[in-house]
Amino acid sequence: MMNSTPCKILIVEDDPGIRMFLKTTLSTNGCEPLVAATGREALEMITSHCPDCVLLDLGLPDMDGTEIIKNVRAWSKIPIVVISARGSEEDKARALDLGADDYLVKPFGAIELMARIRTAIRHTVTVVDNDGIALNGLCRVGELTIDYRKHRVFLSGRDTGLTPNEFRIVALLGKHSGQVVTYKAILRELWGPYATHDNKILRVHMANIRRKIEPNPDEPTFIFTEVGVGYRMADCD
């Protein structure tokens, strides 16, 4: 859809017919659809699968979709596009005020849906504190380039082959380059409020990241460890 790496889009919808339409539309446009039929399942999948965008129906069998918006917005800026039969101004305003990025009233077409998804994802990529990232979607630290649009990291023009979670860690550090990001903040940003605060998982990820991006992993030049606190990426150019 937006780059060579398929975007993971979580469909939160209990109607089988609409789910099939959404899955087909996403797959046809190069996305990887994930599916949840209940609110509880949706929250579990958001924290475990880290989708790039959520398509959220408000009328779920176990909870109102607005509860999902409130829960997710307590810890993440993941794009949320509401898809609902509720078309009143009050419903739209409530969902958007709670933190939804967009609101589509059923029925809608495939072209409009994909345009709304692209806009929501682009918005979350560019609305960051780093002016360079906001301008061109890139963070450059010497020979290292984080491409937020392609979801890839390059070293001297070569794709470093980071896994999705490795990219998320590097991308987060890049957005806060020059600043220390605590272990707790990284865990919460990546895996949600239910993530374990065991720093061992971060150390394993960081060891793998350094083997892929650092010329000498024992003497890092891009990502530094602030012992007992967290990690810091060198300033973006």
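This is a predicted model: local features need pLDDT of at least 70, side-chain atom pairs count only at pLDDT 80 or more; totals for chains, interfaces and linings use all residues.
Residues are numbered from 1 along each chain as its sequence is written, and side-chain values use heavy atoms, with hydrogens and water left out.

**View A. Packing of α7 against α9.** From α7, the residues N165, E166, I169, V170 and L173 meet L202, H205, M206, N208, I209 and K212 of α9, where contact means heavy atoms within 4.5 Å. Sorted by class, this contact has six nonpolar, three polar and two charged residues, with Ala, Val, Leu, Ile, Met, Phe, Trp, Tyr, Cys and Pro counted as nonpolar, Asp, Glu, Lys and Arg as charged, and the others, Gly among them, as polar.

**View B. The largest nonpolar core.** This core (buried Ala, Val, Leu, Ile, Met, Phe, Trp, Tyr and Cys residues joined through side-chain atoms within 4.5 Å) has 29 residues, and those with the most contacts inside it are L173, I186 and I223. Elements that each supply at least two of its residues include α8 (183-191) and β12 (230-233), but the largest share, six residues, comes from α7. Leaving aside neighbours within four places in sequence, I223 is in contact with V170, L173, M206, I209, R210, I213, E214, Y231, R232 and M233. Apart from this core lies another, of 22 residues, among them L34, A42, W75 and I80.

View C. Strands (DSSP runs of E, at least two residues) pair if DSSP finds at least two bridges between them. Four bridges join β6 to the antiparallel β7, with L138 having D147 as its bridge partner, and in their hairpin, which has two residues between the strands, G142 takes a positive phi near 60°. Four bridges also join β7 to β8, again antiparallel, and I146 has V153 of β8 as its bridge partner. This second hairpin has four residues between its strands, and H151 in the turn has a positive phi of about 60°. From β7, L144 and I146 point one way and T145 and D147 the other way, and all are buried, that is, under 20% relative accessible area with a 1.4 Å probe and protein chains only.

Notes. Buried means under 20% relative accessible area, exposed over 50%, partly exposed in between (1.4 Å probe, protein chains only).
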